[in-house]
Each structure stands twice: as C-alpha cells, then as structure tokens.
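Visitor: I would like a close look at a single part of this model, and then at what surrounds that part. Please keep it brisk.

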Number of protein chains: 2
Amino acid sequence: MTQSHNPFKTSVDRPEAQDGVFSHPEVLLANRNSGILLETLELDVTPTGAHYLLNHFDVPLLDADEHQLNFCGAFAEPYRLNLSEIKALPQVTMPITMECAGNGRAGVSPRSYSMPWMYEAVGTSEWKGTALLPLIEKARPQSEVVEISFMGADYGFDKGIGHYFGRSLTLEQLEKLDVLLVYAMNGVPLLPQHGAPLRIIVPGWYGMASVKWLCQIEALTQPFDGFQQVKTYLFKQHKNDPGKPIREIRVKSLMVPPGVPDWTSRKRLVNAGNVELIGRAWSGAGVAIEKVEIEIAGEWHIAELEKNDNRYAWTKWIFNWQAEAGEYILRCRATDANGNSQPLDPPWDISGFANNAAQSVHVFVE
Amino acid sequence: MTQSHNPFKTSVDRPEAQDGVFSHPEVLLANRNSGILLETLELDVTPTGAHYLLNHFDVPLLDADEHQLNFCGAFAEPYRLNLSEIKALPQVTMPITMECAGNGRAGVSPRSYSMPWMYEAVGTSEWKGTALLPLIEKARPQSEVVEISFMGADYGFDKGIGHYFGRSLTLEQLEKLDVLLVYAMNGVPLLPQHGAPLRIIVPGWYGMASVKWLCQIEALTQPFDGFQQVKTYLFKQHKNDPGKPIREIRVKSLMVPPGVPDWTSRKRLVNAGNVELIGRAWSGAGVAIEKVEIEIAGEWHIAELEKNDNRYAWTKWIFNWQAEAGEYILRCRATDANGNSQPLDPPWDISGFANNAAQSVHVFVE
C-alpha cells in the first residue's frame with residue numbers, strides 16, 4: 001500500500017472542532033481509546049487494562065514466536081533479535097508513568113479535532129524489558145549517524161499520508177534517557193493493544209515516543225522525516241507556525257475524585273467531616289515533585305508527599321480536608337524540582353497538546 | 001450516605017441529547033468506559049483489558065483476602081463464603097460473549113443522553129468460577145421466596161437516587177440460566193475494573209445482569225425494587241411507558257474493519273483483489289447463529305460460519321470478497337436459530353437500549 005493509493009487526501013480532512021460539543025468521529029475515538037479510571041489513582045500501579053490507551057491505527061496482532069527485531073541502516077554490524085534472545089538479556093523492571101501528549105485536549109479552547117481527552121490519558125505500569133542503548137551500541141552506529149528510528153507494525157493514514165507509526169531519537173537523547181526495550185507489563189506479557197510482543201518505553205517523555213509493535217531500529221544519517229516525527233506532535237501557536245517538538249512530560253497532578261459519583265455528570269457527593277483527598281503528581285525526565293497544592297474555596301493548601309524512590313513513577317500526595325457542607329470546585333496543582341508549576345488555565349496549543357492545567361473536581365458536601 | 005442527602009435530585013438531571021453532536025459529560029463517560037477494538041474480533045477471546053467496560057459508579061478497590069460473600073434474607077440456612085472457600089468449589093471455565101445493553105445507543109435517533117456507544121460494547125472472555133445455583137440451593141430458600149438479589153459494592157447516584165448497584169433473578173430464571181460465580185478471567189484474577197474479587201456472569205443476557213464486586217446474595221419474598229432493576233434497563237417506547245425488562249442479548253454481528261484506517265475518521269482503505277472479511281455473530285440465551293449475510297454494493301452474500309462448540313460464545317464468520325475499485329458501505333447481518341434477524345435500521349427505544357442494527361463500515365477499494 002503506497003501513498004499514491006490515497007482516498008483520504010481529499011475526502012477525509014479533519015473538520016473544525018466546536019467548543020462544548022463533540023462530533024461522532026471524535027466519540028468513536030473516545031470509545032476505542034480508553035482512559036484511566038481516576039479512582040485507580042489510589043494505586044501505585046494502574047491495574048492491567050486500565051492504563052490509558054491511544055492507538056492511531058489498528059492494533060496489529062503479531063505472532064511473538066515469529067517476531068524479529070531488525071537493527072538495520074547505517075550500523076557497522078546490523079543484526080536481528082527474536083523474543084527469546086531479548087528475554088535472555090539482562091532484565092530491568094521499572095514503574096514508569098506515561099501520559100499521552102493529547103491529554104487534556106478537550107479543555108483547550110478553541111478545540112482541536114482529535115481524540116477528546118479530558119484528564120484520563122495517564123497511567124503507571126511496571127514495565128519489564130532490557131536497556132536499549134547497549135543493543136544499539138552493539139550494532140555499532142557508523143560515524144555519520146545522527147538519529148535512530150523506531151518503526152512499529154501499525155499502518156494507516158493521517159492528514160492524507162499513509163505511514164507506519166515511527167519515531168526517532170538522537171544518539172545524544174538515547175544516551176541521556178533510560179530507554180527500555182519492553183516485552184512485559186505488570187507481570188504479564190505485553191497485551192496486544194499495548195504493543196505486543198515488543199515496544200520501547202521512553203521514560204519521562206509523552207507516550208508518542210514509546211513506539212509499540214516495534215519491528216525495526218534503523219540508524220539514519222539524516223534526521224528522520226516520518227509523519228509522526230515531523231507532521232504532528234509539534235507545539236504550534238498557529239497554523240503556519242513551524243512548531244517545536246513535544247518531548248518531556250509537563251508537571252501535572254490529579255486527584256481521586258472524593259466521595260461518590262452521579263453516574264452521568266461524575267459530580268461528587270461527600271459526607272461532611274474529615275475527607276482524605278489523595279492523588280498523584282508527576283513530571284517529565286525524572287524530575288522530582290516538590291510540592292502539591294490543593295485549592296478549596298479559593299484557598300490553597302499544601303499536601304503531604306509520599307516518599308518516592310522510583311524516579312520515573314508518579315508521587316502520591318495526601319491532604320486531609322475538614323469538609324463543611326457546601327458546593328466546591330476542588331483543584332490540585334503540582335510544582336517540580338525545576339520550579340515548573342501547573343498553570344490554572346490551559347496553555348495554548350493549536351492541537352491541544354500537553355495541557356497540564358490544574359484538574360477541577362465538582363463536589364457537594366452534605 | 002442516604003438518599004435524603006442528595007444534591008443530584010434537582011441540580012444534575014440529564015439534559016436532552018442532540019443528534020449528531022455529543023456533550024462534554026457524555027465524552028467523559030466515553031473516555032472512562034472503554035470499548036472493544038474491533039480489529040480484535042479476529043480473536044476467539046478478547047485480549048485482557050480490551051473487553052468492553054461499563055461501570056456506572058467508581059470502581060471499588062476491594063481486598064480479596066478480606067472479602068466475604070453473604071447469603072442472607074429468606075434463606076433457611078444463610079451463610080458466608082470467603083474467596084478461598086469459593087475457589088475450592090468445583091471449577092467451571094467458559095468463554096462467554098457479553099454485550100452492554102446500551103451498545104449502539106449513539107445510533108438511535110433521537111439520541112438518549114448517556115454513555116454514547118456505537119458498536120464496541122461487546123467482548124468475549126474465558127470466565128472462571130463455579131456454578132451459582134448449588135450455592136443458593138445450599139442456603140435453602142424459604143417457600144415464600146420469589147427472587148434472589150445480587151448486590152455490588154459500587155455506590156452512586158442516578159436520576160437523583162443513591163443506591164448500590166444491584167439486580168435480581170427469579171428462582172425460575174436461575175434454574176434455566178447457567179449463572180456463574182466468577183473470580184478469574186482469561187487465566188488471571190478478575191481485574192478491579194471487571195468486578196474483583198467476585199462477580200456473577202449471566203450468560204446470554206445483557207451485561208447489566210452480571211453484577212460486579214458482588215457482596216451479598218439475598219433471598220427476597222417480594223420482587224426486588226432496586227434502581228437498576230425497576231428504574232432503568234427497561235425497553236420504553238415513550239416517557240410514560242411502564243416498560244419491559246431488558247434481558248436476553250439480541251442477535252447481532254460485527255466485522256473486523258478490513259484494510260487500514262484513517263486515524264480520525266476510521267474509514268478504511270483496502271487493496272483491490274481478494275479480501276477476507278471476518279467477524280463474529282452472537283445471540284442471547286445460548287441460541288445458535290444460523291446465518292450471517294454481508295451486504296456489498298446493495299447485494300447480500302452468505303458468509304461461511306465456523307463451527308462453534310461454545311454455546312455462550314460468539315461464532316466466527318468469513319466471507320471472501322473479490323474487491324473492485326470503488327467506495328463501499330459494507331454491512332453484516334446475522335440470523336439466529338429462532339429466526340431472529342438483525343434489522344437494518346435501529347429499533348426504537350427511548351434510552352437507545354439493545355440497538356442491534358447492522359453495522360456499517362465505510363471502505364475505499366483501490
């Protein structure tokens with residue numbers, strides 16, 4: 001299938017999105033791509049199957065026994081590995097918080113037409129695999145190599161362009177980041193929808209970098225020009241803005257909505273008295289969380305942070321609220337060790353990327 | 001928390017839904033409640049975590065070690081069971097296809113305001129547990145007993161009424177249905193979001209009957225009047241219609257969308273030539289699938305059915321299409337052994353329940 005065979009170039013351009021209402025195709029995406037259940041933020045590790053999922057194309061159903069990872073391109077010693085060989089390599093298991101670059105998109109106005117995430121495109125899994133860098137070094141990138149690309153088996157069209165999902169990292173980035181080649185999550189083999197049998201995890205970066213259904217690792221002597229690298233996942237202020245690449249996860253926090261919900265509105269009812277508000281906070285590139293603040297009735301309070309030994313996993317926070325009868329919009333806001341704080345209003349991006357504005361939770365106390 | 005403490009009675013009634021567009025709360029529900037990925041219909045068993053999920057309230061995070069199932073009410077010999085005791089009972093493992101009663105709701109016009117399912121609220125898991133009926137008989141229902149209720153640990157509000165999710169079955173229904181008390185799915189313990197540590201599965205009925213986070217089984221001498229039994233899950237032609245209870249799954253079929261997708265529209269590109277169309281068909285109460293037909297360019301063709309030894313699991317179908325260049329709306333339609341066929345247009349129900357109209361897949365062949 002080639003780009004010239006392309007009915008989508010003219011017939012399926014993305015329409016404008018409207019604020020406040022969502023189109024049928026956007027809801028179709030929301031039904032396919034699942035978000036975390038916010039109440040599971042109580043757990044260090046998101047239950048299997050409740051981790052957020054964002055797949056651009058169809059899930060390829062690959063045969064793990066037949067699967068091969070091909071190190072190719074400008075390597076002095078290209079080679080291939082099968083799953084058994086990869087599982088025999090030194091094992092690393094690490095809890096890593098991953099977030100979709102589109103998380104919060106539905107809160108950015110004017111809206112961008114795409115998967116309409118609100119707060120729920122985040123999760124933490126125990127990823128198991130092996131360090132990637134030694135495997136690339138083993139293939140000996142030639143001196144002209146500038147980037148390494150990672151190609152998945154998932155193919156489809158976006159904005160009229162047919163392509164396999166692929167991303168790249170520079171050698172410098174690979175040296176700094178603890179990229180894992182992963183074959184298991186939460187103690188079970190990778191689920192098909194999470195990239196089985198093989199994917200990478202780029203800790204601290206938004207999820208687009210963590211290529212699923214990984215087939216090929218190629219050494220490139222020119223920067224990678226794949227669609228998912230150069231045509232999207234760019235911060236843009238306006239349509240003609242050349243854009244800046246999206247990389248590290250911005251500082252963010254979420255709370256477990258307290259009390260009990262109304263089924264359709266998800267507003268909450270809480271009993272007056274002591275209410276333990278709990279949640280999670282995280283930031284990109286392994287930067288620690290320094291502070292979480294909770295806003296109640298216009299006043300900000302400092303939450304207690306739980307000790308966190310896992311550099312790439314979210315930090316738990318707790319705040320005991322003496323709740324009095326009334327109606328509240330609770331908010332939480334994190335600050336990381338670099339001094340970055342969550343904004344109260346969504347940062348502007350034309351595609352609604354990386355919206356880390358403080359979460360609002362509508363609560364009635366009685 | 002009691003019903004009198006209820007801010008939702010007046011402040012959060014459900015607004016009218018608009019055809020063609022969806023509200024923010026509806027998309028919030030779509031982000032929380034995940035649908036099957038249609039491409040996984042290729043598999044007999046839906047991958048763990050890709051089975052559809054519809055939870056009215058928050059997922060209760062229960063301690064399996066502490067959990068007890070309480071047989072109470074009008075039993076001559078009420079008793080309790082813990083998880084170890086339940087696991088020591090005779091084990092049954094069965095692939096069962098489950099579908100949400102709200103599946104297809106977004107296709108019914110005028111729309112009903114709720115979780116906006118299109119086609120994806122279905123899945124098949126290997127459920128493992130023990131037969132429920134002997135456990136009820138062991139408690140010896142008294143002669144006045146008319147129904148047995150099943151109460152979950154999940155609490156919240158709907159239409160202003162606070163309640164635990166609960167459902168009932170008559171003794172007669174329990175004798176006819178192969179209801180399972182379940183603690184594992186697909187070889188792993190129940191996931192929190194699927195009812196851990198304990199739920200029932202009512203094969204052949206829509207999902208609302210398969211109560212999750214099961215805590216209590218009560219023998220009742222009056223019909224159960226819980227919200228989820230008498231205030232919803234009723235077929236209604238109009239607002240004042242008293243309604244008829246929703247029970248057995250209606251005959252239905254789905255196809256794996258062929259070819260490759262456009263990311264946002266999910267329309268498909270297929271290469272001309274032989275295309276193997278595959279999908280699944282199922283009907284309620286263990287009724288076999290007798291026929292699946294595929295509509296291509298206005299003509300209906302008979303698909304081949306794969307032999308199916310699992311009474312409560314979907315049946316695979318295959319049709320080899322010699323695809324010629326063009327634009328198509330493919331449809332599939334199943335007929336069961338009782339002679340029930342899927343309609344081409346959505347059957348009317350005020351809440352959009354049990355819409356089993358034929359699926360449409362928009363395909364370009366080149």
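Visitor: How many residues does the largest nonpolar core have, and which residues have the most contacts inside it?

Guide: First, the ground rules. This is a predicted model: local features need pLDDT of at least 70, side-chain atom pairs count only at pLDDT 80 or more, and totals for chains, interfaces and linings use all residues. Residues are numbered from 1 along each chain as its sequence is written, while chains are lettered from A and ligands numbered from 1 in the order in which they are written.

Now the core. The largest one has 195 residues. A:Ile200, A:Tyr206, B:Ile200 and B:Tyr206 have the most contacts inside it. A nonpolar core here is a set of buried Ala, Val, Leu, Ile, Met, Phe, Trp, Tyr and Cys residues joined through C-beta atoms within 7 Å; buried means that 20 or more other C-beta atoms lie within 10 Å of a residue's own, with C-beta atoms placed from the backbone.

Take B:Tyr206. Leaving aside neighbours within four places in sequence, B:Tyr206 is in contact (C-beta atoms, placed from the backbone, within 7 Å) with B:Glu99, B:Cys100, B:Ala101, B:Ile246, B:Ile249 and B:Ala354.

Next, the chain interface. Here 61 residues of chain B are in contact with 61 residues of chain A. Strand E1 (21-23), helix H2 (24-32), strand E6 (147-158) and strand E15 (260-261) of chain B each supply at least two residues of that side; helices (H or I, at least four residues) and strands (E, at least two) are DSSP runs, numbered from the N terminus. H2(B) gives the most, with 8 residues. The side of chain B that touches chain A divides into 33 nonpolar, 17 polar and 11 charged residues. Asp, Glu, Lys and Arg count as charged; Ala, Val, Leu, Ile, Met, Phe, Trp, Tyr, Cys and Pro as nonpolar; the others, Gly among them, as polar.

Strands also cross the boundary. E1 of chain A (residues 21-23) runs antiparallel to E1(B), joined by 3 bridges. A:Val21 has B:Ser23 as its bridge partner in E1(B).

How values were computed: Two residues are in contact if their C-beta atoms, placed from the backbone, lie within 7 Å. Two strands pair if DSSP finds at least two bridges between them. A residue is buried if 20 or more other C-beta atoms lie within 10 Å of its own, exposed if 12 or fewer, and partly exposed in between; C-beta atoms are placed from the backbone.
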